[in-house]
Amino acid sequence: MNANDLLIELRKFVLIKSGLRNIDPAHCKIISEYVFQETKNYVSETTIKRFFGFANTLHKFSLFTLNSLSQYIGYNDWDSFCKDKENQTSSVQSIWQDLKLKAHAITEISLIANKNNSGIPFNATANRSFFYPDFDYFLKNNYQFTTISAQPGQGKSIMLAHMVEYFFLSENALYKNDIVLLVNSSSINTIIQNGDTLKDWFLKEFKFGSLTELISFFKKNPEKREGRFIIIVDGIDEHLARSNYFKTFIDFLYSIEENNFVKLAFGLRTNSWINLQPAIYGSASLTKAWYTGLFYDEETLSNVPSLNVDEVLYTLSNIENKIINRADVSLPLLTQFKTPFWLQVYFKLKDENHHLELNNPLLRYELISYFLEKRVFLAKKSTEKVFLLKKISDSISEGNKKLRVSKEKILSYINCYPDAYEELLHAGIIIEEKRLSTAIPTEIVRFLNDDIYTYFLFIQITDKFEYRPCKSFFEHILISFPGQTSLRDYILNWAIRFCITRNEIAALKNIFRLPFTNSEKNSAFDFICYVSKYELGKPNSNFNKLSIGVDFIDIMATGRTMSNLYKETIKTISENVLNEDIQIMLHVIECNVNLIDVDKVALANTMQLLKRNYKRLNELFPINPYDLILYFYNNLVNKPNESKTLEDKIIKLCQEIDQSKPQKNEEITSAEILSYRLVLITLFSQKSYAECHRFIMAILSKYPNIFYVRYSVFSSFLLLHLGQTYIKLNYFKKAQRIIQFVDKIISSDYTYYTNFILASFSVFKANFYNATHNYEQALIETNIGLGITKKNDFKVFEIALLLSKIDTLKHTEESEEVSNVIKELLNFLTVHKLSMPDYSNLSSHEFEHTFKILKSYRRHQSL
């Protein structure tokens, strides 16, 4: 046995002694401790890592290390271990078995390197068994070689490792008699570092001058052959980029004698394959000997498909140590993970940061940022690399299928920094391909991933505006990128992340003030919530407990979306912010949310926090919101309200607003918006419709153009509230004009409105049609509204719409249907453990008696 074989044996026995079947880097510390306990010799964790191939080995292992490990497994020293193993080896071992033993030693080391380079524990990776029948067909038929070619990050090395184990090395391997020799970049680098040529190395290891010589020997002596000799070469792309190695490789392919027992498989990146292809197509014998495989794509020159959804979920489930289903992962992220490389980035990011969930859209951006930080911004020649990537992204145009640029167009930049360009290619950040569809085949360059391209587009915008996200910054995004496209969505999300990480929150208001589409504004609002929650949980973030200010409140108050994400964001930040005034305002918003959720417990808890700051509430708000919230809380828990004092305070506020000088829309504060909203729903709940009308007119007196605001949902709320008031006051023509006006502004794509506003609009229209005896249309609007409320969990509106539906059906001949809707309402209240507060009844005064009966029945049931 040579030194390599003996080392393989020692590794095997160290693993057995340690009780491990497989090993990963984390086990090396444990083995180090075991060796010390057993022998009292300290072999460091780093040395153990080198011994098992997890770290580069630039020199031979010391005798101390080998003696210590030999003693650990029960021998006196390394020499006695070697002698024992030599005695066990048959002196008459066949040439085939000798070759097999030597190949096994090299393959084991290469396998460890492949597994370690995966970036994810090997057992967590998908084995891609769909490829096995294709590889088996190659082994059994008359082909000399095959290629497993793919772009960087497609997982070809891991797939090859799985195939080597499945076909040749595992307990139930199909072809145990075959010799498999896996050679990868680690093996080649070791040969080069030792100063050997590949020919010298082959002769030293296998006692044959070349592969051709080996083939000739077994052709002449077929009885000495006990199976096939499979050589798998992987990860040599960097070497093939050098002309002398490339020529050696081509000569090697041409030199192989035709035979049926030596099979070669090459794991190559597609840019290496582009250069090899002409040499193969130029030779009839090589073309005949090459097996392309079932999955070979002529256009991409790849035969490694992207991961499918099941394979992605399998790996994620292993990483997370729990079952991950399709619904647990955001769709864009699921698409990104189909390139195995991003799963590796996720595994590393997760190890450093545990706060991001797979269903969080922000994770996609954090993965890209993390990857580029490690591979570009903190790498050698980072300035040159960033310069090149900016120039490439600036030159790229939309091709037939991919975003790409002709290499010729960027050649002047490449020539300035050729080394940096080569490193970007090797890192897999950019990719070279051949465009074969043109009259003359041309080289093109593209990014590994369109999201990386988008990132560098965004970086150019920040450069252009000197890292100041002002109004012009967002206007540039609006003008430069077409609306309703994923590209503009990505750029906006990068902009949101950029602003929040720099704590420039005021700049985000421009998204809502500029004519971005309503869909973009709603998506942006959600993304602001995702990023703010995440940044708040990060150490050393600029957006932190101390820095959150009124600008953040302004955005939260003007974008009242009432989603679960919104509720979680308000709650998370209110629990962590240190500025008491900001915390108080967040608690008021929380109470608003709890009222709509009909959540008595959460409302009571938040009210306790507000009560402590009662005096400060008087100073911060035009009317103390606690008094208004208490009114609703009493309503929820069926306590009587002393409303005279509250009524006086509202009348006084109404007079103060009415007497104010007219102001611009921009001057309205979040404190005013929160107060006015609470006052109006209080007056409506009290059935003080005339006072409600007076209050809205007072707001209009102070802010004459408030109905023309398109960047805040408050104007829509105000309009709809005025419409409901007109219905109660029997001003049906005025109410109808508001329906027409709201329809018009909602149809304007840049108006900012939310699902909550749409649900509110449905309630308003249903009430209008009920009041004007158009019951058929009322039913249509009610059902539309219920569709929105069920999807978005707007509990108070769901109750209101079910009450409205009962009111509508009572005026029709559908008496049985009335009973069904009453059952539906009572079931809804039971399932969600809700009461039926007075403020949920927005139906006509004629329905008041029915409401009281339903409420009384509900209360009796709960007792």
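Is Asp-551 buried, partly exposed or exposed? Asp-551 counts as partly exposed, because its relative accessibility is 28% (buried is under 20% relative accessible area, exposed over 50%, partly exposed in between, with a 1.4 Å probe and protein chains only).

This is a predicted model, so local features need pLDDT of at least 70 and side-chain atom pairs count only at pLDDT 80 or more, while totals for chains, interfaces and linings use all residues. Residues are numbered from 1 along each chain as its sequence is written, and side-chain values use heavy atoms, with hydrogens and water left out.

**The whole chain**

- There are 43 helices and nine strands in the chain; helices (H or I, at least four residues) and strands (E, at least two) are DSSP runs, numbered from the N terminus.
- The C-alpha trace spans about 110 × 65 × 55 Å along its principal axes.
- Of the 863 residues in the chain, 54% are buried.
- Take the contacts between residues at least 6 apart in sequence, and 71% of them join residues at least 24 apart (contact means heavy atoms within 4.5 Å).
- The chain is split into domain 1 (3-88), domain 2 (95-291), domain 3 (548-709) and domain 4 (754-862), with bounds that come from an automatic or database domain assignment.
- Domain 2 and domain 3 have their C-alpha centres 72 Å apart.

**Nonpolar cores**

- The largest nonpolar core holds 201 residues, and those with the most contacts inside it are Phe-337, Phe-474, Ile-477, Met-556 and Phe-695. Here a core is a set of buried Ala, Val, Leu, Ile, Met, Phe, Trp, Tyr and Cys residues joined through side-chain atoms within 4.5 Å.
- Helix H30 (residues 580-597) gives this core its largest share, 10 residues.
- Domain 3 (548-709) and domain 4 (754-862) each put at least three residues into this core.
- Not counting residues up to four places away in sequence, Phe-695 touches Ile-650, Leu-653, Cys-654, Ile-657, Tyr-676, Val-679, Leu-680 and Leu-683.
- A second, separate core has 42 residues, among them Val-233, Leu-240, Ile-274 and Leu-286.
- As background, nonpolar side chains in soluble globular proteins tend to be buried together.

**How H19 meets H20**

- Helix H19 (residues 362-377) packs on helix H20 (residues 382-395) at an angle of about 120 degrees, with the axes 9 Å apart. Axes are lines fitted to C-alpha atoms, for helices over the stretch in contact, and angles run from 0 to 180 degrees between N-to-C directions.
- That angle makes H19 oblique to H20; under 35 degrees counts as roughly parallel, over 145 as roughly antiparallel, 65 to 115 as roughly perpendicular and the rest as oblique.
- On the H19 side the contact uses Arg-375, Val-376 and Phe-377, and they meet Ser-382, Lys-385, Val-386 and Leu-389 in H20.
- Sorted by class, the contact of H19 with H20 has four nonpolar, one polar and two charged residues (Ala, Val, Leu, Ile, Met, Phe, Trp, Tyr, Cys and Pro count as nonpolar, Asp, Glu, Lys and Arg as charged, and the others, Gly among them, as polar).

- Most residues other than glycine have a negative phi.
- Asn-540 is not a glycine, yet its phi is positive at about 60 degrees. Asn-540 sits in the loop between helix H27 (518-536) and helix H28 (550-558), and counts as exposed because its relative accessible area is 81%.
- Lys-687 also has a positive phi, near 65 degrees. Its place is the loop between helix H35 (670-685) and H36, and with a relative accessible area of 38% Lys-687 is partly exposed.

- Asp-551 is in helix H28. Leaving aside neighbours within four places in sequence, Asp-551 is in contact with Ile-505, Ala-506 and Lys-509. Ile-505 is 46 residues from Asp-551 in sequence but 6.1 Å away in space, C-alpha to C-alpha.
- Met-697 belongs to helix H36 (residues 689-702) and is partly exposed, at a relative accessible area of 30%. Beyond neighbours within four places in sequence, Met-697 is in contact with Leu-722 and Tyr-726.
- Leu-253 is in helix H13 (residues 243-255) and counts as buried, because its relative accessibility is 4%. Setting aside neighbours within four places in sequence, Leu-253 is in contact with Phe-266, Ile-280 and Leu-286. Gln-144 is 109 residues from Leu-253 in sequence and 9.7 Å from Leu-253 in space, C-alpha to C-alpha.
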